[in-house]
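Hi everyone, thanks for making the time. I have one structure to walk you through today, so let me put it on the screen.

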Amino acid sequence: MSATKPPTKKPVSWTNIGLGALIQTFEVSTLGQPFEVIKTHMAAHRQDSLPTSLKKIYQRGGFAGFYQGLIPWAWIESSTKGGVLLFSSSEVEYHCRKLGASPVVSGILGGMSGGVFQAYTTMGFCTFMKTVEVTRQKNPGASSSSLEIAHEIFKREGIVGLNKGVSAVALRQMTNWGSRFGISRITESLIRRQDKDRALTNPEKILSSVVGGALACWNQPIEVIRVEMQSQAKAADRPEKLNIWTTAKYIYERNGFMGFYRGVTPRIGLSVYLTTCMVFGGDKLKEYVAQRPSRKRDRSA
């Protein structure tokens, strides 16, 4: 859907659920989870530098420490949110193009919609549990498992407690994927220049995804707020009841303005890799699936 002409044929919709789940499960099982663990550690332990964070994560669990929370929470989250994201963003992007919107506007609206849908349908609890995995070790003498912590929170706060920070997740995902898809589509348009209908080469599409992923990290403060709201590494002066605004005030009072950008370096790495998988990989797989019927006909002929 990257050309300027509106699409004339509707892509295979339901297949996108399986494709999205496949892509994001691959992403998180390779480089995605290590970037996620480093980013979450730095956002929760804002006094730690990147080298210190790497050292502490390794001391906590060796090489496997960089994959904390992968099984089952990251697998559950990635497979469900990947399917929701690729399906909903593709649907919104397609219908926006049919209504005459530009590829950039369609990409932004598709990404924003996909981000919100995945946050409220699948991500709240899984994101919370992944954050518990990474941050619970800081509490002195902590011996409870993540499931035991979740059970305690559920008894104390109900389902709301298990989805703590979901509004910050939704805001993050809306701005994340709106920026990733939108900036990627802008970069594609800049590469094409005057030849708006030219098909991009694979390196050009990968470059567009890399630019989109890197520049989408402007919203790192939202991610730091989300991690603090879900973190089990609770300081004595941390307010008991947190929302987005009280959490932002708490972070600023403790760490200043730069506290909102802790963990931005590994998050750029995560965002570039994830955007390349979902935008470039998603586009290529959708093209492949859409062309399968014609390929079958060619072989039978």
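Let me start with a question: which residues does Asp283 touch, not counting residues up to four places away in sequence? They are Arg185, Glu188, Lys205 and Met278, where contact means heavy atoms within 4.5 Å.

A quick word on the ground rules. This is a predicted model, so local features need pLDDT of at least 70 and side-chain atom pairs count only at pLDDT 80 or more, while totals for chains, interfaces and linings use all residues. Residues are numbered from 1 along each chain as its sequence is written, and side-chain values use heavy atoms, with hydrogens and water left out.

Now the overall picture. The protein chain has eleven helices and zero strands; helices are DSSP runs of H or I with at least four residues, strands are E runs of at least two, and both are numbered from the N terminus. Of its 301 residues, 51% count as buried, and buried means under 20% relative accessible area, with exposed over 50% and partly exposed in between, using a 1.4 Å probe and protein chains only. Among contacts between residues at least 6 apart in sequence, 79% join residues at least 24 apart.

Back to Asp283, which lies in helix H11. Asp283 is buried, with a relative accessible area of 9%, and it forms a salt bridge with Lys205, the closest N and O atoms being 3.4 Å apart. By salt bridge I mean a side-chain nitrogen of Lys or Arg within 4 Å of a carboxyl oxygen of Asp or Glu. Asp283 is in helix H11 and Lys205 in helix H8, so this pair ties together parts that are 78 residues apart in sequence. Lys205 is buried too, at 6% relative accessible area.

Helix H8 itself covers residues 202–215 and reaches 20 Å from first C-alpha to last, close to the 20 Å expected at 1.5 Å a residue; the expected span is 1.5 Å times one less than the number of residues. Buried residues in H8 include Glu204, Lys205 and Ser208.

Arg238 pairs with Glu228, with closest N and O atoms 2.9 Å apart. Arg238 sits in the loop between helix H9 and H10, and Glu228 in helix H9. Arg238 is buried at 11% relative accessible area, and Glu228 counts as buried at 3%. Salt bridges that share partners also join Glu93, Arg185, Glu188, Lys205 and Asp283 into one network.

Next, the nonpolar side. The largest nonpolar core has twelve residues, among them Leu19, Trp177, Phe181 and Met278. A core here is a set of buried Ala, Val, Leu, Ile, Met, Phe, Trp, Tyr and Cys residues joined through side-chain atoms within 4.5 Å. Helices H1, H3, H7 and H11 each supply at least two of its residues, and the largest share, six residues, comes from H11.
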